[in-house]
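Subject: Structure handover

Hello,

Here is the structure I promised to pass on. Please load it before reading the notes below.

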Amino acid sequence: LTSRSMAVRVASAAHLGGCGRAAVGGGYDVGGTIAGAAMGGAASAAAEEGCLGAACCIQAGSPVVTYVGTGSGNYIQETTYKYVGHGAGEFDIVPPKAVGCNWLFVGSGVGAVVLVALLAVLSLPTPASTTTVSTTVLPYDCSAGLTNWESGWSINKQAWCCEHVGRGCAAPTTSASFDCNAGLQTWAAGWSEPKKAWCCQNIGKGCATPAKTCKLWGDPHIITFDGANPSFYGDGDSWIVKSPTVQIQGRFEGTKYTEGLAATNRIVVSGPFIKNHKIEIGTRESGVLHVDLQPVIKSFPSSYTSMDGSYKLTYDDQGEVPDVIPEGNEKRVFHMDLPLDVHVTVFQWSNYLDVTIQMPAQLGQDGACGNYNGVAADDTTERIMLRVGAEVTGGASYLSGRATIEFTPQMEKMLAAECPESRRVQVRGECTNTLARETAELDLKSCMFNMCFGDNPRARQRAKAYA
């Protein structure tokens, strides 16, 4: 064969078989054509299986899911792969790279020529490159879907983006260092400072509140912690502050200067916050300056500190008087500096006391000084008595001795004249329910007088009209 006829045969085989460049020419015109066509057909079939150029390649296996870049695939990655539409995902099914390529060379003459030409081309000098382009394809686009990363990103994407660009990071979970429900009722006295700080910051419990002041003066008028102005004119022992931690009781008794209407006669401070010790102060006439019924203050001025150092008592003439210094009285002031930032100041006069109590709110607090909830409207005399009782029952009393209950003719006349009958019936029922079952009539009338006139700050002046 001539070179021209071989070229024609090869070209013809390529045209007929689609892979004629890989065909082998025959010895004769017809044979060469037939052989070329046969081999070209094989090459064409091989091309369908990934054969390129002068190589026939065998596919490595079934297609697998492979990352192809954002906007290039049909899938996104989840715990399982999910089809989301063309171009909407990050993964696609891509055939693996071909392996086991077998080269079929053209007959000796042409194959040699092609090989020499290829080597010549590869050996040509390559001009120096002045620009290097390096492209790194990231496995995830950490900006795509960022606003909905918690539900829209796969776990792997969250982990990768958090580690590499600080996005998609789950908030750290912290196990509770303290049980903020354990001992909650007595948190102020019972919790450690670290527990208070942790529970306040993380749970909103055990938070210290700014201290407020309650004042008792005169017969006795009261300004509660929330700013209300109830009065307690009837005789008896009452809760001034009642809480699981701080407990303060007062005794109200009438004097000849108040038309029989009560004034504060004695006060006692107790409760778990001072380990249930009892600090009791009475009028100058009573001579009561006791701790657990013992006279720890024996001179003026003087001071006393508890054995464990938890509280200090000071007896001097310092402090701003809530009202006025009564005529003929020497100013004597008893200061109690107590745990939980509680400060009680007692102005001790001959036959009554003025008192100021400064303290932060306690859980479940109530009493004559109010429930310390920031609402003045619910601190009326009647509502306070309905919540905590008209008086301290005998078994719960910390005060020494017994209150002297009197109901003067002026009070009797005023109750009949200025408290309507329907109202008297109502408050009599309320007092019966809040007092002990076997309550004396004087106790009942004292309670009724408080219910009817406790919100009248001028009841003493009104009582004078019935003298």
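Predicted model: local features only at pLDDT ≥ 70, side-chain atom pairs only at ≥ 80, totals over all residues.

Residues are numbered from 1 along each chain as its sequence is written, and side-chain values use heavy atoms, with hydrogens and water left out.

Overall chain

The chain has 12 helices and 18 strands. Both are DSSP runs numbered from the N terminus: helices are H or I with at least four residues, strands are E with at least two. Of the 467 residues, 42% are buried. Buried means under 20% relative accessible area, exposed means over 50%, and partly exposed lies in between (1.4 Å probe, protein chains only). Take the contacts in the chain with a separation of 6 or more: 52% of them join residues 24 or more positions apart. Contact means heavy atoms within 4.5 Å.

Helix packing

Axes are lines fitted to C-alpha atoms, for helices over the stretch in contact; angles run from 0 to 180 degrees between N-to-C directions. Angles under 35 degrees count as roughly parallel, over 145 as roughly antiparallel, 65 to 115 as roughly perpendicular, and the rest as oblique.

Start with helix 8 (residues 381-388) and helix 11 (residues 441-453). Their axes come within 7 Å and cross at roughly 135 degrees. That makes helix 8 oblique to helix 11. Helix 8 brings Thr381, Glu382, Met385 and Leu386 to the contact; helix 11 brings Cys447, Asn450 and Met451. By class, these are four nonpolar, two polar and one charged. Ala, Val, Leu, Ile, Met, Phe, Trp, Tyr, Cys and Pro count as nonpolar, Asp, Glu, Lys and Arg as charged, and the others, Gly among them, as polar.

Helix 8 also packs with helix 10 (residues 421-434), at about 30 degrees with the axes 9 Å apart. That makes helix 8 roughly parallel to helix 10. Glu382, Met385 and Leu386 of helix 8 meet Arg423, Gln426, Glu430 and Thr434 of helix 10.

Helix 9 (residues 409-418) packs with helix 11 at about 50 degrees, axes 11 Å apart. The two are therefore oblique to each other. Met411, Glu412, Met414, Leu415 and Glu418 of helix 9 touch Lys445, Met448, Phe449, Cys452 and Phe453 of helix 11. That contact has seven nonpolar, no polar and three charged residues.

A buried glutamine

Gln247 sits in strand 10 (residues 247-254). Gln247 counts as buried, at 11% relative accessibility.

Backbone details

The peptide bond from Phe300 to Pro301 is cis, with omega near -10 degrees. Pro301 lies in the loop between strand 13 (289-291) and strand 14 (302-305). Leu293 lies in the loop between strand 13 and strand 14. Leu293 is not a glycine, yet has a positive phi of about 70 degrees. At 57% relative accessibility, Leu293 counts as exposed.

Best wishes
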